[in-house]
Each structure stands twice: as C-alpha cells, then as structure tokens.
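Please read the following note with the model open beside it.

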Amino acid sequence: MTTSYQRIPLSDNIAFSEILDSKLKTNHLRIQFLQPLSEQTAAACALAGSLVVSSSKAYPSNAAMNRKLHLLYGADLSCTIAKQGDVQSITLRSSAIADRYALDGESVFAELLEIVLGCIFQPNVTDGAFDDTEFRIQQMNLLDSIDAEINEKRQYAISQTYKTAFAGEPAAFSCYGSRSAAEALTPAAAYAAFQELLRTAQIEIYFVGPAAVPQLADTLKQAFAAIENRSVTPVQFLNPSPCKQNRLCTGGTSGEPVQNGHGLENHLSRPLCAEDDGNAPGRHTQLQAVRQRPGKDEPVLLLRRKLQRGKVLHAGGQRH
C-alpha cells in the first residue's frame, strides 16, 4: 500500500490537496478558510461558518440537512473554528463512506459534494441575511462555547496565558471572539462576514480517500471561480513575538503584587529579560507566590524557584 499526495493550485490563493491511500474506507473533504485573527471579526466569522453548514437553500433547516446526511449512510458535515498563531481558521468538514461500499452502487461522495458546495454558494439566506431561526440557534451555540471555556480548565489556563504572553497581538484573542461581540451580531451581519470571508480568505481544500474522484479538482475550480472581487489578505503563520518586559504567564510585573483570583499574590522580584538588568551577572531571577493567612503576620511561601540566567523563558517565546 502506498500513499500518494499532490497539491494543485486552483487559482490565486486557492489550492487543492489530494491524499490517497487504498486502505481508507471513507472520503473526507475539508474546505479551510484562513484569515488574520481579529477581535472585531472573529465572532462574526465563527458564527457564519456554523450557519453555513447547518442549512442551505436546498435544505432550509438543520433537521432537513440531517435527514439528507443520514440517507447518505450517516455522512457528516460540520464546522470547526480554531486559531494558529495570528491566524483564524474556519474549516468546513465533511465525510462519507467510499462509494464502493454503497449497497446499491450510489455515488455517495458526489451527493455530499453537491451539498457542501450548495451550503457555500447557495446558503439559507433571504434578503441578504441568514435565516433568523437558524441564526438564533447557532448564536446560542456560539455563546455556549464561549461560556464553557472556563469549565475546561486546561484550555482556560492556556487561553489566559495567551492573553498575557501575547498582549497587544492577534494571538491573544479567542478564535470564537468575545461574548459581547457574539451577542451584538445580527443575521445580516453574519452573512456580510461570510461574504467577506469568501472574498479575502486564503482557501485550502483537502481531499483524503482511498481513490481519486474524477474531475474533483475541476469541479472545485469552477465552483470557486464564481467568487467575485477576490482580494486575499495574506496570512502569516510564523510571526515573531517581541519580548514583553517584566511579564510572565502569571501576569505579574516587577515588584508589583497581582491578585490571581485564588487569594494568591504573585511577586516577580526581578525583570524576566536578563539583559534589562544591569546587575544580572552572578544573580538569579526569583518567582515567588505568597498567600496571606488571616491572623498571621508572616506570609507563607508557596513557591520559590530560582531560574539560572540564560534559562529564563520570556513571554515572547525565545530563550536568552
């Protein structure tokens, strides 16, 4: 068994990648929209992506869409929102069993492809706005995702670290946007955000399956050629982050105690970047977290770590 891979440019900043392996039993199609992460547009684009896959003109409700997918041997169609550094990615994901396993020889993938392209180019829109009923459902789902982040402790800790380490940079923002931005959205605003995404996003299309689908690249090229006034905003995955002087993932600043929400005060006795301190040679940087106990005069030392000069990892993500 061998795996083959090829990447085919369809047009400016739209590419198709095909990965084939005969041992696979399903066909997967992913259409990924990449754009610079922005606090102003993140929520609208996240909501628009969810709305696009929930219904279309041909299947004007999520219930109708699911019924059709179930008829295709339980095919799947969903949207994933993520961020990669300073880039927001909105990925439309679809999958179905390979045609050779269909009981009556149906062309399952051809029907699935028609559904996916219908969602993108013939969405469930009336008078320049997404359907209000579907909009309210998906808006509530987005708000739930934003609110639920605090319950996923590991992810919440990571997101808070990003906010501090990359303060003032796009990477500090959530890929879902803020709750206030999501609440302020309207069906028309979400549709406008999707149209802007089609015009300005870098588009990467991936097909993974056991065998090539005839004319798939040509079909996709023809479909995406219908997008008017394409003017792509370049995305950059590797973007150096400047050193944030006197900052660590705890959010502390040199000599200033900061309450962290658990009764702790974080003290950073010296600057994080050793070159910022003229007395650095022969000394250490110390991070101390102390908690004041009621009725006690002396603080209890919870953590004391001595970091050798040259081993300090500053918030910019580079070693000195």
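**Notes on the predicted model**

1. The largest pocket has a volume of about 470 Å³. On a 1 Å grid over the protein atoms alone, a pocket is an open set of points where a 1.4 Å probe fits, with protein on both sides within 12 Å along at least five of seven lines; lining residues have an atom within 4 Å of a point. Grid points are joined across faces, edges and corners, and the volume is the space filled by probe spheres set on the points. The lining numbers 21 residues, and E149, S159, F173, S174 and C175 are the closest to the pocket's centre.

2. Two or more lining residues come from each of β4, α4 (132–148) and α5 (153–165). The largest share, seven residues, belongs to α5.

3. This is a predicted model, in which local features need pLDDT of at least 70, side-chain atom pairs count only at pLDDT 80 or more, and totals for chains, interfaces and linings use all residues. Residues are numbered from 1 along each chain as its sequence is written, and side-chain values use heavy atoms, with hydrogens and water left out.

4. The protein contains eight helices and twelve strands; these are DSSP runs numbered from the N terminus, helices being H or I of at least four residues and strands E of at least two. Of its 320 residues, 41% are buried, that is, under 20% relative accessible area with a 1.4 Å probe, protein chains only.

5. An open sheet is built from six strands in the order β1-β2-β8-β3-β5-β4, with mixed pairing. Because β1 (3–11) and β4 (76–84) stand at the edges with a single partner strand each, one side of each has no neighbour in the sheet. From one strand to the next, the twist averages 15°.

6. The partner strand β5 (residues 87–97) pairs with β4 in the antiparallel sense over nine bridges; pairing requires that DSSP find at least two bridges between two strands. Within this pair, S78 stands opposite R93 in β5.

7. Where does D76 lie? D76 belongs to strand β4. With 36% relative accessibility, D76 counts as partly exposed, a class between the buried limit and the exposed one (over 50%). D76 touches R93, S94, S95 and L112, leaving aside residues up to four places away in sequence; contact means heavy atoms within 4.5 Å. D76 and R93 are 17 residues apart along the chain, and their C-alpha atoms are separated by 7.7 Å.

Note on methods: Axes fitted to C-alpha atoms, helices over the stretch in contact; angles between N-to-C directions.
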